[in-house]
Amino acid sequence: MVSDSQSTFVKGKQILDGILIANEAVDEAKRMKKELLMFKVDFEKAYDSVDLNYLDSVMANMNFHTLWRKWMSECVGTAMASVLVIGSPTEEFPIERGFRQGDPLSPFLFLLAPEGFNILMKGMIAADMFTGYSVGTLGEVYLTHLQFVDGTLIIGEKNWQNVCSTRAILLLFEEISGLKVNFNKSMLTDVNISGSWLAEAAMVMNYRMGSIPFLYSGFPIGGDSRKMSFWKPVVNRIVARMSSLNNNFLSFGGRLVLLKYVMSSLPVYFLSFFKAPAGIISSLESILKRFFWGVVRIIGKIAWINWDSV
């Protein structure tokens, strides 16, 4: 039982809450004093390096129709390019890797690329070469990896077989797909594992060492959503967006539309997964109020209407 595309399997049923499950695994490991090993993998220049022959093989194994595969090959595999050498263009040559930036088809095709890693992980687990992590007193959820586009999180027990198998599968996937691991952004982190063991494992993986909490797909993994510090990225993002705008040039109607349809939607991604404490809701409302009434630094302005009415 494995997880992919931010989904996991619970007794044969697929649920789309990989981030919540990862947080639950960290919380349980802390509470039960279990040892948990996590590999956060990031692939560099993902769009530019996907091998198009590999992509066609993935579609073939996923039972895409031959005609559909031919259409996709014509769309992404017929581009030609040339290089300027001392001001003169060379002969054109075909592009065999990568998708065109801005092409509306590219994101959908790129979603198929990580499927090869998912298949490799399934084979590794079937051969008992990788041990995942069981969440729950009865082990209802068995985690091995989460995937979201080019962001991959591998979760398992603390043992050297998991470390060596992870390195082997990443090198193999890099060879067949063209997606190279970005070691500057990838990291190895843990729960209840000694620093010396983790440092040695990081050296074997050629990863940098990380710590809990860390960001995955924009969410902090291992953080406590009841604490104010957990929500600091959300608050900072709204403050940064506010500071880039000059509300002196906007009417009250313009400010209201901006707050309701732009600023209020910024924390929705976080709020769809975690319940915000009352203090955070008050802080966000305070920021929106100051922007609406045109507060500049510490110089306040009169609020002519009750905020609930606004």
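Is Thr-189 buried or exposed? With a relative accessible area of 1%, Thr-189 is buried; the term denotes under 20% relative accessible area, exposed denotes over 50%, and partly exposed lies in between (1.4 Å probe, protein chains only).

Two conventions apply before the next selection. The model is predicted, so local features need pLDDT of at least 70 and side-chain atom pairs count only at pLDDT 80 or more, while totals for chains, interfaces and linings use all residues. Residues are numbered from 1 along each chain as its sequence is written, and side-chain values use heavy atoms, with hydrogens and water left out.

**Whole chain.** Select everything. The chain has twelve helices and 16 strands; helices (H or I, at least four residues) and strands (E, at least two) are DSSP runs numbered from the N terminus. Of the 310 residues, 41% are buried. The accessible surface is about 17,300 Å², and carbon and sulfur atoms hold 58% of it (Shrake-Rupley method, 1.4 Å probe; for residues, only the protein chains shown count as cover). Among contacts (heavy atoms within 4.5 Å) with a separation of 6 or more, 69% join residues 24 or more positions apart.

**Confidence.** Colour by pLDDT, the predictor's confidence in each residue, from 0 to 100. The mean for the chain is 80, and 88% of the residues reach 70 or more. Now select residues 1–16, where pLDDT stays under 50 and the model has 49 contacts beyond four places in sequence. Where pLDDT is low, the predicted coordinates should not be read in detail.

**Strand β13.** Return to Thr-189, which lies in β13 (residues 187–191). Beyond its neighbours within four places in sequence, Thr-189 is in contact with Leu-36, Leu-37, Met-38, Leu-198, Gly-210, Ser-211, Ile-212 and Phe-214.

Next, select Ile-212 together with Pro-213. A cis peptide bond joins Ile-212 and Pro-213, with omega about 0°. Pro-213 is in the loop between β14 (208–209) and β15 (214–216).

**Cores.** Which residues have the most contacts inside the largest nonpolar core? They are Leu-36 and Ile-155, in a core of 41 residues. A nonpolar core is a set of buried Ala, Val, Leu, Ile, Met, Phe, Trp, Tyr and Cys residues joined through side-chain atoms within 4.5 Å. Helix α12 (residues 278–293) gives the largest share of this core, seven residues. Apart from this core lies another, of 37 residues, including Val-41, Val-76, Ile-125 and Ile-154.

Centre the view on Leu-36. Not counting residues up to four places away in sequence, Leu-36 touches Tyr-133, Ile-155, Thr-189 and Asp-190, among others.

**Helix α10.** Select residues 252–261, which form α10; its buried residues are Arg-255, Leu-258 and Leu-259. These residues cover an arc of only 95° around the axis, which puts them on the same side of α10; the arc is that of the directions from the helix axis to the C-beta atoms. The buried residues of α10 pack against α9 (232–243) and α12.

**Two asparagines.** Asn-63 is a residue other than glycine with a positive phi, near 65°, and is found in the loop between α3 (52–61) and α4 (66–76). Its relative accessibility of 70% makes Asn-63 exposed. Asn-192 also has a positive phi, near 60°, and sits in the loop between β13 and α8 (195–205). At 36% relative accessibility, Asn-192 is partly exposed.
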